[in-house]
Amino acid sequence: MTDEKSIEIYTAAEYKRKVAPLCDLIEKTDKEDPDPKDLALLRRAVREHPVLWDVAGDLAKTARDKIIKELSKSPFIREAVGAYKDHMRNELGHESAPMLEKLLIDQVVICWLRLYHVELLYSYVRSTALVTLEHGAYWERRLSAAQRRFLRACTTLSRIRKMTGRTPELMQVNIGAQQVNVAQVSEE
Amino acid sequence: MGWEDRRGKKYYYRKRRIGGRVVSQYLGAGPAAEAASALDELTRQAQEEKRDLFRQERERQRAIDQEVDRVCLLTRHLIYAALLLNGYHMHRGEWRRRR
């Protein structure tokens, strides 16, 4: 699916229409003792609307491609980043991962791409003599948000892996002074 | 910043904000004032262009962030749904298995 097509199909309204019923059911069933009827409805929503998984996949691909396109005009750099992104996905075990983890791996990769993108832009802005306090503060905020998003994605992947019972080997990711332990799929 | 009419004659004043106060600098009425006025106009235009570029850049960054956030949000919803269907529920920020 091309970028343009994905963007055209998943407008904000369309996205809301597709996802809103799922959100309602999640809210209803997120309790110690949920109504079995609501659980059945949620099951049906997830099973009978596999389009949601496709939407997630398409959105992820669109976002990945867009960030890579924004990163540089050089086809060589785009290719290199694209290749590294694929390598990262493989390292995180995308190919053999179950559907749920695949989504989370994609999320980690997108958040990493965005973080890398913002870091590049920020260092470029800092290197120019014309940087103002306003610009600096703006990019600091962008960078913090990208770091938070990436750490959150890593933590979620790690948690879900623990919950799904896959024995993780711990690897460490350092961003600034923060350290997060990220689960890595062990060889099975 | 601008030309001010004083007793039928135009004089150029450069106005700047210093420590929260607006300070006027008198630059006269001759060719030097004309040159200062033209220079100030160029500076103002350059600043306006810079502000426009920054606005456009912010808009572009916001659009990218929105797209990334949309992916994260849908992923979160699907993970929630899958966990709820597998007998988990959220308790004070932690997932717990239903008894």
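How many of the 10 residues of β2(B) are buried? The number is one, so β2(B) lies largely in the open; a residue counts as buried if 20 or more other C-beta atoms, placed from the backbone, lie within 10 Å of its own. The model is predicted, so local features need pLDDT of at least 70 and side-chain atom pairs pLDDT 80 or more, whereas totals for chains, interfaces and linings use all residues. Residues are numbered from 1 along each chain as its sequence is written, with chains lettered from A and ligands numbered from 1 in the order in which they are written.

In chain B, an open antiparallel sheet comprises three strands in the order β1-β2-β3. Strands (E, at least two residues) and helices (H or I, at least four) are DSSP runs numbered from the N terminus, and two strands pair if DSSP finds at least two bridges between them. Because β1 (2-6) and β3 (21-26) of chain B stand at the edges, each with a single partner strand, one side of each is left without a neighbour in the sheet.

Strand β2 (residues 9-18) of chain B pairs with β1(B) over five bridges; among them, B:R6 is partnered by B:K9 and B:G2 by B:Y13. Two residues separate these strands in their hairpin, where B:R7 takes a positive phi near 50 degrees. Six bridges join β2(B) to β3(B), and B:Y13 has B:Y26 as its bridge partner in β3(B). This hairpin also has two residues between its strands, and B:G19 in the turn shows a positive phi of about 55 degrees.

Methods. Buried ≥ 20, exposed ≤ 12 C-beta atoms within 10 Å, placed from the backbone.
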